[in-house]
Structure formats: structure tokens, C-alpha cells
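Reader: I'm new to this one. Could you show me the structure and then let me ask how you know what you say about it?

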Amino acid sequence: MTKIKREILLNPGPATTTDTVKYAQVCPDICPREKEFGELMEWICTELSLMAGKPDRIETVLFGGSGTAADEVMISSCIPDNGKLLIIDNGAYGDRFAKIASVYKLNFEVYKSSGFEPLDIDKIKAKLIEGKFTHFAIVYHETTTGLLNPAPELCRFCHEHGITTIIDAVSAFSAIPIDMDKDCFDFMASTSNKNIQGMAGVGFVFCRKEALEKTAGYPMRNYYLNLWDQYSYFKKTKQTRFTPPVQTMYALRQAILETKQEGIENRYARYSSCWEELVKSIKKIGLTMLVPQEIQSKLITAIIEPDTPNYSFDALHDLAKSKSFTIYPGKLSNANTFRIANIGDIQPEEMTAFTVILEDYMRSIGVVK
Ligand SMILES: Cc1ncc(COP(=O)(O)O)c(C=O)c1O
């Protein structure tokens, strides 16, 4: 196996992958309607379900598409016409949930909160009850800022009050340990190209079985992204209704094998060690993190840009890129930030190597003396 040039992606996905995942895509041509391919997808569903809960409790439904497709599947398929949805918006992805709900003209309200302060849990609980909401949607890890929302606590409250829960775990799954039964997540979205360390192209929706069964009679608001249709067709045929991303599925199988080998808790520990290297350097340079350390995910860090005209994100990006590190701009309209993610196939010593570049750059513009 020829080694592929190593590029370290410090953007929040698609994440850096191993060469074995990359090479898994190089395989004999196969018609995805063949039994063998159906068995591959069934294996992928079973293994993903096992990472999200106990055997026989969770069904995973695959779609060709990105994380947003998986989010749109949940919002469009999991709420009946007489339902009422509360969406938590404390970042770009909560806002995206609301945009999707508005496209489908659902009955919903948005609870807005700052992107860098903890949610007011009591206020949300009161709103859920007073507003007689039937459904609740939240982003577990807001990748916009790196804030980790208390999704399990809020969802447990929802279940005590008969409210169905919808979670965007696109950038949380396969790093933050999740048990959908214990955490009271009914529907949860993620994707093949973030912490699972596969290639982009497969969106997955995890469903608690009882919650999924209830959606059978819900209105079909779109065609491609319908959860029940995709689930029931796959159950009968072991085929997706439409052409799946064939080679991406082979890469996903390899990524799942590698995730099992490492273990999700160990993976999160590795990611956390990379984050600690980064935080050490941020403090040494004297930069400020947008989100208080204790409510961060340890998966991505939003850093406030230094207040000097000498600073240029593009210059920092280009310097890092010339040394095979890709960094990411901020995504907030009210704060100038840049973001460093630490997910994917990266090691703490690689993060340390990046921090040397960061410190050199900050020295070159006079931020570090
Ligand atoms: C929390 C979260 N939700 C949804 C998405 C959207 O995923 P995609 O860009 O794959 O559509 C992202 C992407 O970064 C994300 O971080």
C-alpha cells in the first residue's frame, strides 16, 4: 500500500482519515442491488446502532447525503401534523433546524440562546411545559462555537413529559459516548465524515424503535428524505430506495472497524489530549477562547482573533496549509473568531506541531513577544 500524502484537517469535518479508510474505496465494481452489497449495508446499520445503544433497541437508517440531509430527514419525517416543535438555537446548526422546519411549514417555535453561554435549563423546561410542545430538537455539539449542550438532561425531562426528542449529533457521535435509551434520544442524526472517520457521503438517522414505529402514518412531506419509506424498503429488500454512495460505504465499513478497535471512549480521550495541547498553546500565546472551557466539547475550539491590524486569517491559513495543516474560519456574525478542530485521525504530537506554527505566526505579527 503506497502511503498517501498526509494532510491534517483541523476543520470540523470532513476529518482526517487513515490510509486504510482511503484505500477501502478502491474495490471491484459492484451493483448496489447485489445481495452482497445489501449485506454490507445491513452490517453497517447494525454496527452503527450498537454504537448508539443496546442491541435490538435502535434502528439506523442510511441516506446518500451529508449531515444536513440527515437533519432534514428527522425534521420532515418525525413530527405529525398536529405536533408542536421547540427548537433550541444557540448556533448555526440550531438555526438550520429552524430553517428546515420553516421550509416544511411546521408548527414550531425557536428558543434562542447565546452561542457562548450555557443554556438556561430551567427556562427551557418551563417553556416546554407551558407551550405544550410535543417535540423537541437540539444540537448536541454546536460546532459553530464548540459548545456542548446538555442534551441528555433536557431529553430526559422531555421523556418524563411525553415529548419526542430529535438530536443533531453530527459532530458529537463517535466521540462523546451516547446511549440513546439512557440519554432519551428518540431520533439522532450523524454522518460518515466526522468522528467516525470515514468519507463524506452517507447521512445516518438513528431511531429508538418505538419512536420510529410511530412515524409510519406521518405525512410524507418529501420524497427522497422520508425516514419511514427508506427504513421499511430497506427492511424488506436490503436495498436503499435510490443509488447509495457505493465506494463511500466500503470506506465506512473500514472506518467502523477502526472505531471498534479504538473504542469510542479511547477516541474521545485521544481527541481530548489533542485539545489539551491546543489549549496549552492558546494560553501560552495569550489568546482568548470564545466559550468557557468547562462547557466546551473538547472537539473544536473557537478562538477570538487578536486585535491587531497585522492579523490576517488568510495569512495564518496559508502558512498552516503550506505545512499540511488546514484550519477553519469562524462562523459568527457578532464575534471575530477562527476555529481549530481536533477530530479525525490525528495524534497529540501532530497538534503540538500545529501549535508551533500558530505560535510562530503570532510572534511574526507581534502578538507573542
Ligand atoms: C452540528 C452539525 N450539524 C450539521 C452539520 C451539517 O453537516 P453537512 O455539512 O455534512 O451537511 C454540521 C457540519 O459541520 C454540524 O457540525
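Author: Let's start with helix H9 (residues 227-237), where Leu227, Gln230, Tyr231, Ser232 and Phe234 are buried. This is a predicted model, in which local features need pLDDT of at least 70 and side-chain atom pairs count only at pLDDT 80 or more, while totals for chains, interfaces and linings use all residues. Residues are numbered from 1 along each chain as its sequence is written, and side-chain values use heavy atoms, with hydrogens and water left out.

Reader: What do the buried residues of H9 pack against?

Author: They pack against helices H2 (35-52), H3 and H8 (209-214), plus strands E2 (58-64), E9 (187-191) and E10 (202-208).

Reader: How do you know that Asn226 caps H9?

Author: One of its side-chain oxygens lies 3.3 Å from the backbone nitrogen of Trp228, at the N-terminal end of H9. A polar contact is a pair of N or O atoms within 3.5 Å; within protein, one must be able to donate a hydrogen and the other to accept it, and residues adjacent in sequence count only if both atoms are side-chain atoms. Just after H9, Lys238 has a positive phi of about 60°.

Reader: Why is Ser77 called buried?

Author: Buried means under 20% relative accessible area, exposed means over 50%, and partly exposed is in between (1.4 Å probe, protein chains only). Ser77 has 3%, so Ser77 is buried. Ser77 lies in helix H3 (residues 67-77).

Reader: Which backbone oxygen does the side chain of Ser77 reach at 2.9 Å?

Author: That of Val73. The backbone oxygen of Leu225 also lies 3.4 Å from a polar atom of the Ser77 side chain. Leaving aside neighbours within four places in sequence, Ser77 is in contact (heavy atoms within 4.5 Å) with residues including Asn226 and Leu227.

Methods
Helices (H or I, at least four residues) and strands (E, at least two) are DSSP runs, numbered from the N terminus.
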